Amino acid sequence: MLTPKQLVEQQGYAFLPSFFPDLDPTAAASVLGAPEHVEGLRLVHELLPTSMDVTTPNTYSGNFGLDAFPLHTDLAHWARPPRYLMLRCSRGDANTQTQIVDGRLVIEILGTTVLARCLARPRRPLKGALQLLPIWQASIEPNQQFIRWDSVYLKPANESAVAIFRRVDECLSCIQPVAKVLLNKGDTLLLDNWRVLHGRSQVQNSESPRKIHRLYLRCIT
């Protein structure tokens with residue numbers, strides 16, 4: 001049987017049903033690797049289905065409410081996004097999925113020559129600076145391709161990037177995502193945030209009990 005690290009290396013994610021369900025989120029993340037304190041963010045973030053009218057527009061819920069969240073990588077508008085992402089179920093909803101697409105499929109379809117020409121900019125300046133960010137890099141670390149994508153928080157930086165953004169959107173619409181349901185307490189999804197894109201399906205019930213905890217990890221062991 002493959003370890004979580006081997007699964008992530010092989011397919012970009014690992015789904016771990018009822019993974020140490022009695023551990024709190026931080027302790028569970030510590031079993032898998034090293035939790036990362038990201039500047040300006042809480043170590044553990046609680047994700048709840050939220051209507052647009054009761055939250056702020058600088059969140060996905062503020063942009064989409066209970067509708068589906070588009071495929072993205074977390075903190076794509078940061079110069080160096082966190083490497084790994086853990087989503088862990090506290091309360092599940094059988095009708096709500098986390099959808100996953102391997103970014104290597106996008107790279108294979110569009111090609112590195114196209115993606116390497118695409119520069120994006122954050123929707124808003126970070127720390128007063130407006131950086132230009134490549135959506136693909138051949139090697140952010142040795143032998144490690146890197147892809148970032150977020151159609152909300154990243155915007156094309158020039159006319160060439162506008163066309164490539166459109167092609168990425170078209171590409172993603174043609175790929176069937178892998179769907180995972182975080183249903184039972186302790187169900188855990190570990191994602192390589194430099195490789196896979198993820199999103200949330202529509203929340204069908206405004207009274208959904210779904211509560212997911214999110215943490216970032218520097219490494220997995």
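**Exercise 1.** Work out the strand order of the open sheet that contains β6.

*Solution.* Start with the order: three strands form this open sheet as β7-β6-β10, with antiparallel pairing. Strands here are DSSP runs of E with at least two residues, and helices are runs of H or I with at least four, numbered from the N terminus; two strands pair if DSSP finds at least two bridges between them. Next, find the edges: β7 (133-134) and β10 (154-156) each pair on one side only. Finally, look at β6 (residues 119-122): two bridges link β6 to β7, and A120 stands opposite L133 in β7.

A friendly note before going on: this is a predicted model, where local features need pLDDT of at least 70, side-chain atom pairs count only at pLDDT 80 or more, and totals for chains, interfaces and linings use all residues. Residues are numbered from 1 along each chain as its sequence is written, and side-chain values use heavy atoms, leaving out hydrogens and water.

**Exercise 2.** Now describe the open sheet that contains β5.

*Solution.* First, the order is β11-β5-β13, paired antiparallel. The edge strands are β11 (178-180) and β13 (196-200). The twist averages 25 degrees from one strand to the next. Last, three bridges join β5 (residues 98-102) to β11, with T98 opposite K180.

Methods: Axes are lines fitted to C-alpha atoms, for helices over the stretch in contact, and angles run from 0 to 180 degrees between N-to-C directions.
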